[in-house]
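Please examine the structure shown below.

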Amino acid sequence: MLKYIGKRILMMIPVMLGVVLIIFFMLSLSPGDPAVQILGPEATPEQYAELTEQLGLNDPFLVRYFNYVVGICKGDLGTSYSTKQPVINEIIARFPTTILLSALSCVVGAVIGIIFGIISAVKQYSFIDNLTRVFALIGMSVPSFWLGLMFIILFSVKLHWLPSSGFYGPKYWILPSVTIGLVQASNVARQTRSAMLDVVRQDYIRTARAKGQTEMKIIFEHELPNALIPIVTVLGMQFGRGLGGSIISEQVFAIPGIGMLMTNAIGNLDYPVVQGGVLIIALTFSIVNLVIDILYAFIDPRIKSLYAGKKKKVEKAADVKNTEAKAEEEGKNDGK
Amino acid sequence: MANNNVTSAPKKKSHGAEIWHRFKKNKLAVIGLIVITIMVLAAILAPLIAPYGFDEQNYSETFIRFSPKHPLGTDNLGRDILSRLLIGSRVSLTIGFIAVGIGLVFGGLVGAIAGYYGGTVDDILMRIIDIIMAIPQIIFAISICSALGPGLVNTMIAVGIAGAPNYARILRSSILSVKQQEFVEAATAIGASDFRIITKHIIPNSLSGLIVQASMGVGRAIISAASMSFVGLGIQPPNPEWGAMLSFGRTYFRDYGYMILYPGLFIFIAVLSMNLIGDGLRDALDPRLKR
């Protein structure tokens, strides 16, 4: 297991190098000139030339890329053009906010989504099932930033219950995390429902029921654990989506996180900050995916046995791999 | 899917008719189809049916919530919101459909190549896709858009390319699974040519997942494009794209909530319709998935 985790962490390195390469490449195509942006329109051509040289913008693409990667290894993500602060400091200052918001939203999404998903599957075609399905469809179709604005109108402007902007304490956390969480819950509920429906018709459930097991025990000890893999998969993806969506949601609620940092940086052509932001979000997303993969092993002992180091039957391994891949694929298709 | 071809033959019913028959049974999907058709027609006819021009300003009639002349009100410049929404639907719907088209072409091509050839080609392409997928989709789209600059075409490209890896993975995995099916083996055994196997067996049987994802992708693309306009990339004012209208109305939304209510509702209805169609197509194209 440890060997597997180690291998996966090593595999993240080329992925991150690729991410940096792609972002670097795209920003190098960008039409704006950072030197002009920093100095304003009144500077002399010599000043522009000097600053361009100083920023290293005259170097060939690959040289800049190489220097940047070397910098990353030393924990240096460059210097912000606009604030002249090291990018890494700016990111560290805002990272906890973004992570907190993503995590809170994900918790809201998981709790609501899983509860309704379970009820929906256990009482298929009941009133709650129909309600959940309608709710899930609505949640999947509503733009979250619009929902956020509507909630602000309702809960801050009209009812004065909650503050509409900022991120200074629990009271401020509720509106953003519930908004994003509700949208995520719709995906989670959908996935939970379909995963549970796969399980509830299995023979071992009938066996459990035949031997007189209580319904609660059947749900939480037999059904849910067996339906957990696709649910966990979709949760991981929702977390990633929340992380990416922070670039929008932080605008809506005026939350000073990475997303806000990046939107401002894009407007100011502050490339080092944009690169740093994308990199840190991609890195976090990859770590979440890794954690999800490790969770699989704890959820499904068959997967764990694969990584235990013992050489199991190839046939069984292939079989489990297939179901895992299939679950993941289904999760991705439904969850997106 | 394979079975449909067989069972439908004696009934003398084409595959398409069979799918339509199943699609029709899903009431919500049919409603979605009707709504989106009306929206597309309204978008096409917008210049004719919109009561005012999208940039027609009237300073004596600003911030009207409702009036018989302006059923959805007017904005801060006295522009009729209904007219702007109708004209804006041309932009928003075009972005939705074209972006998915772009994503399908790029993603489909990459997925098909990876699926058909397998081996090293597959490995390399899939690693690249892994890298792209490590960047959340909306961030990737925004990065592309900030590289290309704002504007209609660039937004479509950005949203399209950002969605492409999804389609590539779906098509690849369905091609991989179809390739191993018995009916492909059977076709090989009776001496069918590679071309026939690919066009008659592999492609039709691999497409269903892609079609379902594409129909839902239109909704996602509309939301992505609106999000990008919302943060100031994407469509630029005074063009009345739905997301741009939301972004614009945000300045006044605390007092004039209707300015953002309607654009959001239009986005919501369009996306919901596409999702309903997607759900219906999923059931119609692959009855085995039906729950």
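What share of the contacts in chain B with a separation of 6 or more comes from residues 24 or more positions apart? Such residues account for 68% of those contacts, where two residues are in contact if their C-beta atoms, placed from the backbone, lie within 7 Å. This is a predicted model, in which local features need pLDDT of at least 70 and side-chain atom pairs count only at pLDDT 80 or more, while totals for chains, interfaces and linings use all residues. Residues are numbered from 1 along each chain as its sequence is written, and chains are lettered from A and ligands numbered from 1 in the order in which they are written.

**Chain A**
- Chain A contains 14 helices and zero strands; helices (H or I, at least four residues) and strands (E, at least two) are DSSP runs, numbered from the N terminus.
- Along the principal axes, the C-alpha atoms of chain A fill a box of roughly 85 × 60 × 30 Å.
- Of its 336 residues, 41% are buried, a term that requires 20 or more other C-beta atoms, placed from the backbone, within 10 Å of the residue's own.
- Residues 24 or more positions apart make up 71% of the contacts in chain A with a separation of 6 or more.

**Chain B**
- Chain B has 12 helices and zero strands.
- Its C-alpha atoms fill a box of roughly 80 × 45 × 30 Å, taken along the principal axes.
- Among the 291 residues of chain B, 48% are buried.

**Where the chains meet**
- In total, 40 residues of chain B are in contact with 41 residues of chain A.
- On the side of chain B that touches chain A, α7(B) gives the most, with eight residues.
- That side of chain B has 22 nonpolar, 14 polar and four charged residues; Ala, Val, Leu, Ile, Met, Phe, Trp, Tyr, Cys and Pro count as nonpolar, Asp, Glu, Lys and Arg as charged, and the others, Gly among them, as polar.

**A helix pair in chain A**
- Two packed helices are described by the angle between their axes and the distance between the axes.
- The axes of α1 (residues 2-29) and α4 (residues 61-73) of chain A come within 11 Å and cross at roughly 135°; axes are lines fitted to C-alpha atoms, for helices over the stretch in contact, and angles run from 0 to 180 degrees between N-to-C directions.
- α1(A) and α4(A) are therefore oblique to each other, since angles under 35 degrees count as roughly parallel, over 145 as roughly antiparallel, 65 to 115 as roughly perpendicular and the rest as oblique.
- Residues of α1(A), including A:Leu17 and A:Phe24, meet residues of α4(A), including A:Phe61 and A:Tyr65.
- The residues of this contact of α1(A) with α4(A) comprise eight nonpolar, one polar and no charged.

Notes: A residue is buried if 20 or more other C-beta atoms lie within 10 Å of its own, exposed if 12 or fewer, and partly exposed in between; C-beta atoms are placed from the backbone.
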